[in-house]
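Me: Hi! I'm new to this one, could you walk me through it?
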Amino acid sequence: MKWQVLLFMSVLSFSPVLGQVSYAIPEEMPKGSFVGNIGQDLGLDVKRLQSGKARVFTRDTTAYIELHREKGVLLIKERIDREALCGPSTPCALHFQILLENPMEFFSVTVEITDINDNPPTFMTNESHFNISESVISGTIFNLDRATDLDVGENGLKTYVLKPADMFSIKINNQGNGRKNAELVLNSPLDREKNEHLSLVLTAIDGGQPQMTGTMQIHVTVLDANDNAPVFTRSVYKASIKENAAVGTVVVTVTATDADYGSNSKISYSISNMLDYTPGMFEINKETGDVILTGKVDYEKSRSFEVHIRAIDHGGLTALCKLLVDVLDINDNRPDIHIMSKSNVISEDAKPNTVVTMINVEDADSAENGKVHCSIDDNNNFILKSTSDKFYSLMTDSELDREKASAYAITVTCSDEGVPSLSSSVTLTLQISDVNDNAPVFERSSYEAYIVENNTPGLSIFTVKARDADWNQNARVSYILEDSSVNGVPVSSYVSVSADSGVIHAGRSFDYEQIKDFHFRVKAQDGGSPPLSSNVTVKIMIQDQNDNPPQVLYPVQTGGSVVGEMVPRLADVGYLVSKVVAVDVDSGQNAWLSYKLQKATDRALFEVGLQNGEIRTIRQVTDKDPVNQKLTVIVEDNGQPSRSATVIVNVAVADSFSEVMSEFTDFKHDKEYNDNLTFYLVLALAVVSFLFITCLVVIISVKIYRWRQSRVLYHSNLPVIPYYPPRYSDTLGGQGTLQHVYNYEVCRTTDSRKSDCKFGRAGSQNVLIMDPSSTGTMQRMQSEKNILDEPDSPLEQKPPNNDWRFTQGQRPGPSGATGGPEVAMGTGPWPQPPTEAEQLQALMAAANVSEATATLGPGTMGLSTRYSPQFTLQHVPDYRQNVYIPGSTATLTSNPQQQQQQATAQQAAQQALPPPQTSAQPEPPKAAQTPASKKKSTKKEKK
């Protein structure tokens, strides 16, 4: 079915009504169906509909059309039944207004409801009975109850069909207004002796698509002859009745006569049919023909009625007349006042002539009874203006001041022109908007709530309530959970607060054994601008629940244990066999434990203490008691419902362990358990063997690698220039200042001037024990790792600055040692104990001695120290101090005063010390020691 949309606009000057839109839709459309794009048709954008709070205003109690404000379209809100809404009236339409605020304006909308074929034709009764005399001639007409179809137009009643049609036929009479009456026509004479009873089916068919039908059974009883039918005095009766007429009022009396005699002349009256939607409104006295009012008559609902009255004699002949009843209007309806705007708040800074609200006034009466005039009580701040028929605007007439009046009660009175006049009034309470100057206040200063553990997440725990003394939006309180933590976990994972109601919900299932209580803060914030807030502390107490069964600590249940306890056969009554120890992690009564003996091999031999779990004998043990006693002890807590645990205690009644073993030699072990144990043992042995072989291969590989490294270093011609300072503790009677002996090794090549000099770390590990009688040998007490094995050692430092370069005259050795006064001859010891920096300089000078040419340019040496991990170039003193060269008679001095002091000190030391011995021949360079070579050297030294 096509939808027809009729759109027209009309502009009304000086009126909030800007236009009118009409639509046409079929009835019975589902909810949410599209009606029309009201925003586009009225030229309004979606933003205007949203900002103006556009809505549908209708006086009906049921709103069939709704406005989708976000899309600007009209949708079906409730299913529309045209027959229930308008009855037989056409056209059928819905009238409503689209109301907008800020500024106040409205638009009239008409939605015509078109009919669909959703109702079949129906008869008042499913069966109709006729008594027809056999003397009735062919062509005689009998009136039938017509079928009614609630649909209109093409969907209404179209025709009738009668089956079988051999004795009777149907004659259709069009009475106007789409009504069709059916008459039963006798086609051939009746013969009571052949057919005393006839059954016919009358079918009513409408014109809709698809067609719908209704049926009625017609039962004909053939009687003896009755040749005169009843006749009404008038074919059409007319009457009028006021709408406030009481039930039982006689509207009119109809009369019919029959020319027959006797019983055939007796007439009965009945109502054949009436217009649709008026069933049960009238009834007729069968004997007198009085038409009586049986229902309430309302002029606003039905202004007239049409009733068909039938007269039938005892011979079955009938007559039909029509009754037209007009309803007279009286002034029985007061004006109906409806406030179109739902807002009753206005800002105190509103300008004059600001529309406060729109008022719609209607009177259901007609003519003068329906004319209405409205006014407001004497008020200097507001005026009421008529904008159009039945619509008024309440507007401000002056400036508003909330400090003088925070609210206004405006009474609107409307009266009609009926006699007597009826009036109605409505009072509009108008609030002046306030500012936000009050913070929410909680009902309590703090809250405490209790919740049982193992709760369902989302369970409501407690409700906090705060009130705000402000008004409207400023008094609307929202509840917010402040950020905090409980045991390092955000409190939001524990609880949540409903922003609107303040209901606190559990965010998780609590466990009393993990947390017993916690607290947090809830903030109440109003909806003002800027918002005001206050907070309160809420403490949640977790209550214990019996959710943990007892746990047996002793005896420990193991699969391989057969006998747990032994009881000698000479045990007395009350002998303590064992004790069951159990705990319950719950608290309170939920943790109170009781012990009971559930099963036992011999219940008469043992008992269990109810409170302490002690297993004792209750009689003397005899030789007849079996050796193996199996006790099952149940441990129960005191919770509701209680939880329990069981433990099996094996008791052997014997005097010795051998007796117990002989008793249990026949026990069969689980073959599968032994097979698994053997498998795991073999697997563990294989893994251990593999690890041992792998470690052995790795150790041998490392040994071979280090041995090859030591061989390579041994065959390399790297000079080793040791420096052995004298032990002043021995030569000077233990009064020396150098308490420890240090050793420094320098390995150089012929191209050493192109590389850096490297020293190992951990000087505290290089303590040398010197023999006073020998200066050529020494023993290393602690092994150290050769620095050649660590080319990437982190102790390697960058090259020093240019201050470490020596001039040609300062170089030690044959090329640098000249016979001037700066050279102090002799082989005696140092005048003073050398410092670490002087020893370092000596090593540097010794390295330069190995250079082949005497004309080498100044070189730069990289340094790293073995005697102090904190040593840096900043700690090195002036390199121009004395330089001592082992194996040489020259001491280089750059300062003349220091040279003179050194010469004097050297002469004094030569007199105090014994004569020097001939220096030993230089030994070939030693290869870097590996762990293996160090062990060999240690063995040789021991030998």
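Reply: Happy to! Let's begin with a term: a cavity is a set of points, on a 1 Å grid over the protein atoms alone, where a 1.4 Å probe fits but cannot get out. Grid points are joined across faces, edges and corners, and a volume is the space filled by probe spheres set on the points. This is a predicted model, where local features need pLDDT of at least 70, side-chain atom pairs count only at pLDDT 80 or more, and totals for chains, interfaces and linings use all residues. Residues are numbered from 1 along each chain as its sequence is written, and side-chain values use heavy atoms, with hydrogens and water left out.

Me: How many cavities of 30 Å³ or more does the structure hold?
Reply: There are 4 of them.

Me: Which residues line the second largest cavity?
Reply: Among them are Val56, Asp60, Tyr64 and Phe96; a lining residue has an atom within 4 Å of a point. Strand S6 (residues 92-100) gives the most, with 3 residues. Strands are DSSP runs of E, at least two residues, numbered from the N terminus.

Me: New topic: what order do the strands take in the open sheet?
Reply: The order is S17-S21-S20, with antiparallel pairing; two strands pair if DSSP finds at least two bridges between them. S17 (250-253) and S20 (282-284) each have a single partner strand, so one side of each lacks a neighbour in the sheet.

Me: And how many bridges join S17 to S21?
Reply: 3 bridges join S17 to S21 (residues 290-293). Thr253 has Asp290 of S21 as its bridge partner.

Conventions: Helix = DSSP H or I, 4+ residues; strand = E, 2+ residues; numbered from the N terminus. 1 Å grid on protein atoms, 1.4 Å probe; cavity = no way out; pocket = protein on both sides within 12 Å on 5 of 7 lines; lining within 4 Å.
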